[in-house]
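Biologist: I'm new to this one. Could you show it to me and walk me through how to read it?

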Amino acid sequence: MKRAANFFDKYAYWLFPLPAILALLLLIVGPVLANFVLSTYDWFISGRPRFIGLENYQNVLTDWRFWNGIKNTFYFTALAVPLQLVFGLAVAVLFNREFPGKGLVRTIILLPMVATPVAIALIWALMFNPSLGVLNYFLESLSLPRSLWVADANLVIPSLVIVDIWEWTPMVALILLAALQGVPIEYYEAARIDGASGWQSFWHITLPSIRAAIVIALILRSIDALKTFDIIYVITQGGPGTASETLNVFAFRSGFEFFRAGYSATLLIFLLFVVLGVAVLLNLTRRST
Amino acid sequence: MKQQVVKASAPLSTEQQRAQALRAKRLKTLGIYLLMAIVLIIMLFPFYWMVLTSFRNQVDNTSPIPVWFFKPTLANYQNVIARNNFLEFTWNSLVVATLATGLGLVLGLPAAYSIARFKQNGLALAILVARLTPYITYLVPWYIAFRALKLIDTYVALTLTHLIVGMPLIIWIMISFFEEVPIELEEAAFVDGASRLGAFFQIILPLSAPGIVAASILSFIFSWNQFLFSLVLSGPNTKTVPVAVFNFISYGQIDFGGLGAAAVLITLPVILLTLAIQRYIVTGLTMGAVKG
């Protein structure tokens, strides 16, 4: 017993994290490496695998659905993230003051991002419904034309972006709110004495002081937006046609609807590089600023 | 004479100015509250609509003009629970989320302690990278491996995969809790002859109990919400609630009330748990970028 304890103390540096490291190797590193092996096979999931070298990569690069997926992935992200940052900043500035019911409001702000994504997606799907949905009723009440929302190939991604903005603007707002509370109030007082207007102190004090938090929000949201699955799959399954089929939805369907394991693995390698590439790129810009 | 006029009028004008400033300030405050109200209404509306839909009958739910006032019915809830084995799916979700969180604690707590105490930043970074990697990347190899091991549609497969959701959150939250435990307490225990493992169990863990509770709840919530893994790896015996509800939409004609009721039933536990640990939610979601 004593000797076991001694042994443990001596190697604590390795033994404490060991179980978690093993789990990570087994469940994450292993599968990622396995994808590279799988990507060299043509494997219809219930059949026999056949080695085909780099053919999957060649096929992916000439597959219009792959490029369609890339386009949709970036379209979705490029539309959602900047809007979330702007709205999130506005909400953060708006709520960065004392007011009655502050605790309750903070709780409400948390709800969209913790609620089960499938439930959120279902409710938005009902609200988007072209003939019976409440959103078209709102449009009509404002004397605006009805919309097909997610049933329209041109509007499906902007509609899904609305859901993503609703779900994740709160997180951006809370990140920025935490940063705003760290800005010394003396800065604003000094600016007021110097005769700065509200806008001026926003541009010259608020924004520079919370720049680091804005970049963190940008990085986190960009990475998560590139990976968005639940909302898209539940509401549209990539449709109508392939109009909202992002890279990960296409990879999912290749693997689990068309049962092409090798092809799906190849798509997933591309997805991995897209996400990690964007992460590294954004991180570099963070260092350089 | 002139001076007197100035003196007489000066207080009056400042008083007017003050009144005007006060009015402007009140107007501004009113505007701000109005904007706040609009933001909150937008955030709450889908939830409100979900609850409303769940208590309305199909005729009211499919009326082209929304029916705002109606006699609430419980029929939708009864339908969902009776017709769709909802309780069984809830049980599956509960089992998987609990097992995954338990395993996440067993593996994650020592790792978090080790990162905090021995400054193993490389490991911390590895866990961050794991968080950034799309979950779907692991899914095809997992499916093939679990199928070969005959583990599809078992709690084992779901627990192991849900571990990937919960463990990083647990580690990330606990690092900062463990860092706050004064190292002197541990050193004093070592002087008294305690082993490191003994100090970990008798000093570190009890002192970090609030953090452990928060981390467990967060891990539970995210496992409960997990859709993708269960979609592929579960089956008739282990189907979790999100997948059950997703299957619900493909039943031909849309049962609005049923969907609303199902959505309320999945979301309710999450919201209740959120109320308990709201301080840590953002810390967990941002992987420690923001301290709650």
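Modeller: Let's begin with domains, whose bounds come from an automatic or database domain assignment. In chain A that assignment gives domain 1 (2–38) and domain 2 (55–288). Their centres, taken over C-alpha atoms, are 35 Å apart.

Biologist: How should I treat the numbering and the model itself?

Modeller: Residues count from 1 along each chain as its sequence is written, with chains lettered from A and ligands numbered from 1 in the order written. It's a predicted model, so local features need pLDDT of at least 70 and side-chain atom pairs count only at pLDDT 80 or more, while totals for chains, interfaces and linings use all residues.

Biologist: How many residues of chain A are in contact with chain B?

Modeller: Two residues are in contact if their C-beta atoms, placed from the backbone, lie within 7 Å. Here 71 residues of chain A touch 72 residues of chain B. Helix α3 (residues 18–38) of chain A supplies the largest share of chain A's side, 11 residues. Helices are DSSP runs (H or I, at least four residues), as are strands (E, at least two), numbered from the N terminus.

Biologist: And how many helices and strands are in chain B?

Modeller: Chain B has 13 helices and zero strands. Its radius of gyration, taken over C-alpha atoms, is 28 Å, well over the 19 Å from the globule rule for 292 residues, so chain B is more spread out than a compact globule. That rule is 2.2 Å times the number of residues to the power 0.38.

Biologist: What does the C-alpha trace of chain B span along its principal axes?

Modeller: About 105 × 70 × 30 Å.
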